[in-house]
Amino acid sequence: MAFPSVASAQGLAFFMYNKPYLPVAQQIELLLSRGMVIDDLPKASEYLQRIGYYRLSAYWHPMRQRDADSGTALDNFVPGTTFKEATDLYTFDGRLRLIMLDALERLEVSLRTEIALCLGRYHPNAHRALNCLGRDFAQPTYKGGPTKHREWLQRLDKRANESKDQFAQHFRTKYPSEDMPIWIAVELLDFGPLSHLISGMRNNDLAKIGASFGGLRPRFVKSWARSLAFTRNLCAHHSRLWNKPLVNQPALVGQDVPEGLQHIQALPDVGKRLYSIASVARFMLQTANPRTAWKERFVTHIDSFPTSPRLSLSSAGFPEDWRSHDIWK
């Protein structure tokens with residue numbers, strides 16, 4: 001059966017995606033033709049069959065040659081590039097995500113508790129009352145639309161009504177006409193909605209929360225929560241982490257940047273790469289979970305970064321002397 005081109009049918013043939021489907025054997029032929037060294041063909045076939053060409057291509061992207069003028073990545077690989085380098089980097093990144101998830105889960109739980117303690121002292125349903133929250137939450141999401149607070153509440157209520165968690169089912173059964181108090185409702189919030197609530201809180205409350213994380217100013221509590229939530233989503237959805245630019249970048253510029261993180265301001269990719277958000281997580285864990293050995297596990301794993309002249313930790317924002325800074329000692 002022939003499939004017509006949608007682009008051609010619309011008279012937009014120049015927009016058509018024209019890369020052909022390639023079975024695994026031809027994928028290997030393509031990589032070889034572009035200069036990649038593949039020592040173990042059966043193992044390479046297994047990786048391509050199990051993981052997929054497109055996902056692995058993100059890990060060999062740094063090993064592609066660059067145009068001398070524009071810096072644009074070319075199809076051919078830097079001489080000496082091996083398939084094993086890409087799969088080693090893929091494995092390194094998978095373990096890195098698990099280590100980062102451990103820190104992010106600890107911080108998510110800690111922030112939930114801080115929010116419950118902070119808002120709960122006003123009223124069990126303080127999260128539902130705009131006079132207990134910041135002005136930003138009263139703004140519409142778009143012109144003529146619901147407020148940010150109303151939209152956030154609708155998502156929370158949907159989760160409360162549909163959650164199959166035992167505590168949620170128990171509350172619905174015992175208190176069918178009641179709203180969950182903040183100390184229960186926070187347990188329904190993933191890191192994303194949690195960061196939205198933080199952004200909608202008042203500065204004096206954010207300062208109280210910040211005091212539990214090394215005396216953070218409100219702007220850092222807001223910004224870092226958003227960035228941690230974004231990183232958590234990358235890890236939870238098995239996306240590449242090690243050198244991926246952060247869409248939600250943690251605020252790390254200014255005279256009020258906490259001691260221990262000030263060196264990041266001098267880096268070329270300040271706030272944009274893994275090193276920045278890992279440093280933020282480490283800083284917050286020092287007070288949120290002071291007895292954790294997370295730092296040691298993180299450092300040990302980074303020390304296992306694949307050895308290759310074509311790969312560098314600097315692409316993930318790590319300065320050469322990163323281990324000499326107090327936060328990592």
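This is a predicted model: local features need pLDDT of at least 70, side-chain atom pairs count only at pLDDT 80 or more; totals for chains, interfaces and linings use all residues.
Residues are numbered from 1 along each chain as its sequence is written, and side-chain values use heavy atoms, with hydrogens and water left out.

**The whole chain**
- The chain has 13 helices and two strands; helices (H or I, at least four residues) and strands (E, at least two) are DSSP runs, numbered from the N terminus.
- Along the principal axes, the C-alpha atoms fill a box of roughly 65 × 60 × 40 Å.
- Of the 329 residues, 43% count as buried, that is, under 20% relative accessible area with a 1.4 Å probe, protein chains only.
- Of the contacts (heavy atoms within 4.5 Å) with a separation of 6 or more, 64% are between residues 24 or more positions apart.

**H9 and H5**
- H9 is mostly covered, with seven of its nine residues buried: Phe191, Gly192, Leu194, Ser195, Leu197, Ile198 and Ser199.
- Helix H5 (residues 83-120) has 38 residues and reaches 54 Å from its first C-alpha to its last, close to the 56 Å expected at 1.5 Å a residue; the expected span is 1.5 Å times one less than the number of residues.
- H5 is mostly covered too, as 27 of its 38 residues are buried.
- H5 and helix H9 (residues 191-199) pack at about 40 degrees, with their axes 11 Å apart; axes are lines fitted to C-alpha atoms, for helices over the stretch in contact, and angles run from 0 to 180 degrees between N-to-C directions.
- That angle makes H5 oblique to H9, since angles under 35 degrees count as roughly parallel, over 145 as roughly antiparallel, 65 to 115 as roughly perpendicular and the rest as oblique.
- On the H5 side, Leu104, Glu108, Leu111, Arg112, Ile115 and Leu119 meet Phe191, Leu194, Leu197 and Ile198 of H9.

**H10 and H11**
- The axes of helix H10 (residues 203-211) and helix H11 (residues 218-236) come within 8 Å and cross at roughly 75 degrees.
- H10 and H11 are therefore roughly perpendicular to each other.
- Asn203, Leu206, Ala207, Ile209 and Gly210 in H10 meet Pro218, Val221 and Lys222 in H11.

Methods
Buried means under 20% relative accessible area, exposed over 50%, partly exposed in between (1.4 Å probe, protein chains only).
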